[in-house]
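Here is a short report for someone meeting this structure for the first time. Look through the sequence and the model, then read on.

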Amino acid sequence: MASNPVSTNQDGVARSISDAPPTHYAVKIQLFSLLLKNSVEKYESGDFEAGGYKWKLVLYPSGNKCRNVKDYISLYLAIADTDSRSSEVCASFKLFLLDQNQDNYLIVHDAAGKERRFRGLRNQWGFDQFLPLGTFNDVASGYLVDDTCVFGAEVYVTKEMSTGKAESLSMIKDASSSKHIWRIENFSKMDLECYDSQTFFSGDNKWKIQMYPKGRRHGLGSHISLYLALADPTAIPTSSKILVEFTLRMVDQMQGRHISGKVSYWFSRSSPENGWAKYVTFGYFNLPSNGCLVKDVCVVEAEVTVLGVTNAI
């Protein structure tokens, strides 16, 4: 497609004019002013195919505020194909805007024709300052006529490759704690190896307290063992990890001298539980003056705070 160069700025962005329409996709927006009036910050087009992949245009009518852009139209190309996340797609592209007065197109593209890598850590590329809003709104420019405009895109996939594994850690600001109280009655009649509390939520996951009345591992036969566990580890993606700070507390029902254990731990599908095999000795637990077991009832509390989540990207 032949085009006439207009300008190249210091950021390596070129602008040219062409009579030919975009090869792969065009989107017509009517009543464009209503996007601004209704405070629509972002518009995503429908998917279109080019080079064997699905793509979409992403338009910020008054600038991409996430990148501190104002008084400009921001326009980007994004890969919409979510299959084969382990692959990386390299493509060069051009973004279009129809001049309805001259019946030709403004084309914005990388001056050197540099290809960009889509997917993985970044699935969107484009231009923060695609066009000043003042120029776009100027009737003489021909870009916005009768409150209607037309954007477009051409995408040329140059290669694809498999990429190594990557992950993203998202810490949670002002994370809130969840508290669960487990009242266990008829303790003396507990004859199974392990008992679970009712499940409860903290963050986006369900949790449970696990008690081994006769002990577990190196606490077997001498200590009560107590753990916090994911209620359904299979609901967690294999590559995900959850950073949790938690406290397990055996309540002193008489004098308030509770037994507490506090720890931070990365939970995952392969490591779904953490706690103490030697939480409290049988002797201390059964001594009436310690208040752990009153009228054959004991009370266990859990306080759980999800601090962050790691996912594959």
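## Ground rules

Helices (H or I, at least four residues) and strands (E, at least two) are DSSP runs, numbered from the N terminus. The model is predicted: local features need pLDDT of at least 70, side-chain atom pairs count only at pLDDT 80 or more, and totals for chains, interfaces and linings use all residues. Residues are numbered from 1 along each chain as its sequence is written, and side-chain values use heavy atoms, with hydrogens and water left out.

## Two loop residues with positive phi

S39 sits in the loop between α1 (33-37) and β4 (43-44). Its phi is positive, about 55 degrees, although S39 is not a glycine. Is S39 buried or exposed? S39 is exposed, with a relative accessible area of 59%. Here buried means under 20% relative accessible area, exposed over 50%, and partly exposed in between (1.4 Å probe, protein chains only).

R217 is found in the loop between β17 (205-212) and β18. R217 is not glycine either, and its phi is positive, near 50 degrees. R217 counts as exposed, at 55% relative accessibility.

## The cores

A nonpolar core is a set of buried Ala, Val, Leu, Ile, Met, Phe, Trp, Tyr and Cys residues joined through side-chain atoms within 4.5 Å. The largest one has 35 residues. Those with the most contacts inside it are F32, W55, L95, F130, F136 and F151. Strand β8 (residues 87-99) gives the largest share of this core, 5 residues. Another core, of 30 residues, lies apart from it; M190, I236, L248 and V300 are among them.

Take F136 as one example. Not counting residues up to four places away in sequence, F136 touches F32, I73, L97, L131, S141, Y143, L144, C149 and F151. Contact means heavy atoms within 4.5 Å.

## Aromatic pairs

Rings of Phe, Tyr and Trp (its six-membered ring) pair if their centres lie within 6.5 Å; planes under 30 degrees apart count as stacked, over 60 as edge-to-face and the rest as tilted. How many aromatic pairs does a search of the whole structure find? It finds 16. F93 lies in strand β8 and F127 in strand β11 (residues 124-132), so the pair ties together parts that are 34 residues apart in sequence. Both F93 and F127 are buried.

Elsewhere, ring pairs link W207, F246, Y265, F267, W276 and Y279 into a cluster.

## Two buried loop residues

I236 belongs to the loop between β18 (223-230) and β19. I236 is buried, at a relative accessible area of 4%. Leaving aside neighbours within four places in sequence, I236 is in contact with N205, L230, I242 and R269. I236 and F267 are 31 residues apart in sequence, and 9.6 Å apart in space, C-alpha to C-alpha.

D252 lies in the loop between β19 (241-250) and β20 (259-268). D252 counts as buried, at 4% relative accessibility. Neighbours within four places aside, D252 is in contact with R257, H258, N290 and G291. D252 and C298 are 46 residues apart in sequence, and 8.6 Å apart in space, C-alpha to C-alpha.
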